[in-house]
Amino acid sequence: MKGIAISYAVVAALIAGGALLLGEGALRFATECLLILAMAQMWNLLAGYAGLVSFGHQVFVGIGAYGLFRISDALDLSPYWALPIAPLACAVVAAVIALPLFRLREAYFSIAMWVFSEIVAALVTKTSWLGGSAGLPLKSSRLLDLDWFEPVLFWIAGGLALGTIGGLFLLMRSGFGLGLMSVRDNDLAAMSVGVDVQRNRFIVFVLSAAGCGFAGAVSFLGNLYVSPAAAFDVNWVVYMMFIVMIGGIGTLEGPIIGTVVFFGLRELITDQLGYSAGWYLVALGTVAVIVMLWSPRGLWPPLRDRFGLKLLGVGRTAPTPPDLPPLAGKAGQLG
Amino acid sequence: MTLLEVNHLNVFHGDLQAIFGLAFSVAEREAVALVGANGAGKTTFLRALVGLIDSKQGRVRFDGSDIQDTPAEHIARLGLGMVPEGRMLFDTLTVEENLLMGQVSRRSGAWTLRRVFDLFPALEERRNHLPRQLSGGQQQMVAIGRALMCNPRLLLCDEISLGLAPVMVEQIYGAFEDIRKEGTALVLVEQDVKRAASASDRIYCLLKGRVSLTANAGDVSVTELTQAYFGM
Amino acid sequence: MAWIETLVNGALLGGLYGLLGIGLALVFGVMRLVNIAHGEFMVLAAYLAVILVGLFPQVHPLFVLIPVVIAAFAVGYLYQALIMNRVARAPDPLAPLLLTFGVSIVLRNLMVEVFGADVRGLQLGELSRASIKLFGLSIGVMPLLTLIAAVLLFLLLQWAVKRTVFGRIVRATADRRDIVRLFGVKPDLVYNYVMGLSLALGAIGGVLLAVRSSFTPFSGVERLLIAFEVVVLGGIGSFWGALLGGIVLGMAQLAGLKWDANAGLLYAHLLFFVVLLIRPAGLVASRA
């Protein structure tokens, strides 16, 4: 525990300092990495810990971004202060659709989320006060100090990434987390010992949506522009999924590894080798497929098991039984 | 003539070993009872024989060939059949369609649809019913008939009498006489020792994955059997 | 009167939608697998058709259905044999879902790189635009032929599943994939054939849809969502339900477009969502 707390503090310090030391290009890249990591952790929370695979999480990226832009413009509020709207709006939406969607299981839930995302995207495209298909510029951007823009975004992104990882770590070690993992593994059994499956799933779903929305808002804030095609692009959830799949679903370390692979691959294929983004996605998809075939739990669990690593493990070991004297008499010889 | 011979069989469920160094044999046309308490490993043993369990070591020889590494689909074609525990009928197929599945392995022999219906007339009346519309005993008849349609040389029967009324059990065990007349050897797995023993030539008793007793059916007393059954 | 015409044409469109869904339903019914890449395979079939039509302009375009369907069957067989059979056995329902999603991404972006992102379509000339007057309504000829083809295919499929030995084996494997091995059946082999059949049916739908409207490599998503909605609306496990679901969806789609010309699939999606809320089991009560 102490080691984790120390490394956490170190990373936080790095993020605080890095903003001042890194150049603009590097800051943008790092911000992007941190935001995608945060989104992946949120998707991982839902899929790996609550067992719900969502193919529609891009809807929260979009709702978060649009929420930020609209409120910030409408209230003429600095976008930094308007940011909390993003997770809030997503939490509300998630809470509302959870009711009907939770009746669906597995693949049906997954695709229904996707349909929901398409519906929202279509509605936004048709709504003029949301900018229609052209999108919205961030008018309140004039309230921003552009010198500090990149560093502040980097800090926010860093805070979000650390916050999600730290928050998930604490959550999973709590009683709630234990209940959650029991639901993921066997929801009938969990119910039979009194775990409120629906309530747990609901909370996780809302948290996952909120986190995603926050990350989405920050991402589009960085662009100073949002459009429906970009905000509700299914590739958001593709990235989240692939990072989690490759890294290791249901672990906290997995998405970190997955994010490294994701960006490493991208830099390699588009920068170094000069291929287009399309080929990058082909490569990403191929890696994901290969990993799913050879190591369905992702890259982290075999690494962890092989080298006995225990970075952010949230597992619990069974208590060692106390030493009791053997029972006297014949009964002691059974079994 | 030994039809089935098992030597040094170990069977595993994941990391857990369920069968330990088992030796077992069935001669042609013989009926062998395999008894034991719940969890002794009887079903595991049968499933391993028939190829449904892969993690095993040891030797299984059927009709002259080694089958311990043979896939289940092929073992069926060699003439080793099973009536699985819990019947395991095909729920969306009718009675007749369930029976006809036995023909897929394309073994010829005495058992045709006509003969199975003669053996179990109740099934002919219900040939177009679905399994869920049948009583437990009738479902068991379908399960047996389906296995018979493969014309097996050895039929493994896993807990045929489980959950059935005594009258039904009588009727089904009565059918076994006809089945044996056609030359099929039987392995009868039961928790009901008396029932199994009365229909067999030899008995094996299984306890925690090991053979605790093996004898001719007539040569063993109730006390000995009980002791071997419960491990006392 | 115009509204009735819209609804009738919607019902005809439903035939096509039913075709899109039936392949997905088949795979789910037998293997409990939702093939997320189903849409991309349909688009791939459409591209193959366009290429073949380009190579053999003297042949009537609809005849390319024959080689395309055969190719689709082969691709499906290999897809299942080489990739999907490795995860079909895993007790984890997540793995096949994620895997097929991965395959869909690979296919989609490969198609972009190889074929380009521009819009394509399959031209049938006169036939695409022809319409006849039936009971005072103007009915498209292609949509009518498509519905008839869909019904015929459904009848053929039903006959194959209910009355042939192959169909019986498929149903038994779907019921109990372990036990069926006791009767000499190789479940993996059955799955290969079923996936082949699924992609073949999808190819027919994909090609016919390409006649009706244009497509890009990104059209797979639309097709998957429609196929999925058709299956769920119709009730999981019901073939004719898929056709009925398709008809309802088709009507909603065209009615929506009439009212709101740029809506795309919005009204179909909305109908699906609403039905899902009221009747999660679908329009046709599925068998247990």
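Predicted model: local features only at pLDDT ≥ 70, side-chain atom pairs only at ≥ 80, totals over all residues.
Local features need pLDDT of at least 70 and side-chain atom pairs count only at pLDDT 80 or more, whereas totals for chains, interfaces and linings use all residues. Residues are numbered from 1 along each chain as its sequence is written, and chains are lettered from A and ligands numbered from 1 in the order in which they are written.

Q: What length does helix 5 of chain A reach from its first C-alpha to its last?
A: Helices (H or I, at least four residues) and strands (E, at least two) are DSSP runs, numbered from the N terminus. Helix 5 of chain A covers residues 85-101 and has 17 residues. The expected span is 1.5 Å times one less than the number of residues. That expectation is 24 Å, and the helix comes close to it, reaching 24 Å.

Q: Which elements are included in the cover of the buried residues of helix 5 of chain A?
A: A residue is buried if 20 or more other C-beta atoms lie within 10 Å of its own, exposed if 12 or fewer, and partly exposed in between, with C-beta atoms placed from the backbone. The buried residues of helix 5 of chain A include A:Ile85, A:Cys90, A:Val93 and A:Leu101. Contact requires C-beta atoms, placed from the backbone, within 7 Å. The cover includes helix 3 (58-74), helix 4 (79-82), helix 6 (106-126) and helix 10 (197-223) of chain A.

Q: Why is helix 2 of chain A called oblique to helix 13 of chain A?
A: Axes are lines fitted to C-alpha atoms, for helices over the stretch in contact, and angles run from 0 to 180 degrees between N-to-C directions. Angles under 35 degrees count as roughly parallel, over 145 as roughly antiparallel, 65 to 115 as roughly perpendicular and the rest as oblique. The axes of helix 2 (residues 24-49) and helix 13 (residues 253-272) of chain A come within 9 Å and cross at roughly 135°. This angle makes the pair oblique.

Q: Is B:Asn151 buried or exposed?
A: B:Asn151 lies in the loop between helix 6 (136-148) and strand 7 (154-158) of chain B. Its phi is near 50°, a positive value in a residue other than glycine. Because B:Asn151 has 22 C-beta neighbours inside 10 Å, it counts as buried.

Q: How many residues does chain B give to its contact with chain C?
A: Chain C contributes 14 residues to the contact. By class, its side has six nonpolar, one polar and seven charged residues; Ala, Val, Leu, Ile, Met, Phe, Trp, Tyr, Cys and Pro count as nonpolar, Asp, Glu, Lys and Arg as charged, and the others, Gly among them, as polar. From chain B the contact takes 21 residues.

Technical notes: Contact = placed C-beta atoms within 7 Å.
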